[in-house]
Amino acid sequence: ATLGANFVWENGAHYAFFNFFGLEMGDLYEGPITPDLEWPTWIVYSAIPLGSSLMCFRFLQVTWGFLRTGELPHHDHGHVDGLEEETMPVDVDVYGMGDNLHMHDLKHPML
């Protein structure tokens with residue numbers, strides 16, 4: 001994160017911060033801009049050190065929680081909040097299709 005932050009700083013962020021706080025800029029280079037959006041490139045490039053810093057922070061959160069409780073965080077990928085679990089009838093044909101392309105099972109009615 002420090003290497004990326006240094007790159008962003010040298011790529012023009014120092015000019016933006018000095019200009020924002022009204023400091024003496026001297027011969028500071030404003031930095032390049034993106035061709036399509038015409039944004040300073042340091043804004044776009046700052047996503048990398050910011051993201052890696054947040055990732056390290058999350059790693060430290062999980063480590064601290066593991067050292068305190070001995071459990072890792074987990075979640076159920078199949079669970080959706082707000083949806084209730086549907087119970088299927090015991091005697092149902094889950095492969096039955098209600099169209100004219102497939103054979104019909106007369107023993108199990110269509111749901």
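View 1. The model shown here is predicted, so local features need pLDDT of at least 70 and side-chain atom pairs count only at pLDDT 80 or more, while totals for chains, interfaces and linings use all residues. Numbering starts from 1 along each chain as its sequence is written, and side-chain values use heavy atoms, with hydrogens and water left out. Helices here are DSSP runs of H or I with at least four residues, numbered from the N terminus.

**View 2. Helix H3 covers residues 47-69.** Its 23 residues reach 33 Å from the first C-alpha to the last, close to the 33 Å expected at 1.5 Å a residue. That expected span is 1.5 Å times one less than the number of residues. Pro49, Ser52 and Gly65 are the buried residues of H3; buried means under 20% relative accessible area, exposed over 50%, and partly exposed in between (1.4 Å probe, protein chains only). These buried residues of H3 pack against helix H1 (2-21) and helix H2 (41-45), where contact means heavy atoms within 4.5 Å.

**View 3. Helix H1 has a bend of about 65 degrees at Gly12.** The bend is the angle between axes fitted to the seven residues ending at a residue and the seven starting there. End to end, the C-alpha atoms of H1 span only 23 Å, whereas a straight helix of 20 residues would span 28 Å. Gly12 is also buried, along with Val8, Asn11, Ala13 and His14. H2 and H3 are among what covers the buried residues of H1. Just past the end of H1 sits Gly22, with a positive phi of about 75 degrees.

**View 4. Thr34, Glu38 and Trp39 sit in the loop between H1 and H2.** Thr34 is buried, at 16% relative accessible area. Leaving aside residues up to four places away in sequence, Thr34 touches Trp39, Thr41 and Val44. Glu38 is exposed, at 57%, and has a positive phi near 60 degrees despite not being glycine. Trp39 counts as partly exposed, with 44% relative accessibility.

**View 5. Phe7, Leu37, Trp39, Ile43, Val44 and Tyr45 make a nonpolar surface patch of about 580 Å².** H2 supplies the largest share of this patch, 3 residues. Patch residues have over 30% relative accessible area and no salt bridge, and nonpolar side chains (Val, Leu, Ile, Met, Phe, Trp, Tyr) are joined within 5 Å. A salt bridge would be a side-chain nitrogen of Lys or Arg within 4 Å of a carboxyl oxygen of Asp or Glu. Accessible areas come from the Shrake-Rupley method with a 1.4 Å probe.

Notes: Helices (H or I, at least four residues) and strands (E, at least two) are DSSP runs, numbered from the N terminus. Patches are made of residues with over 30% relative accessible area and no salt bridge: like charges are joined within 9 Å, nonpolar side chains (Val, Leu, Ile, Met, Phe, Trp, Tyr) within 5 Å.
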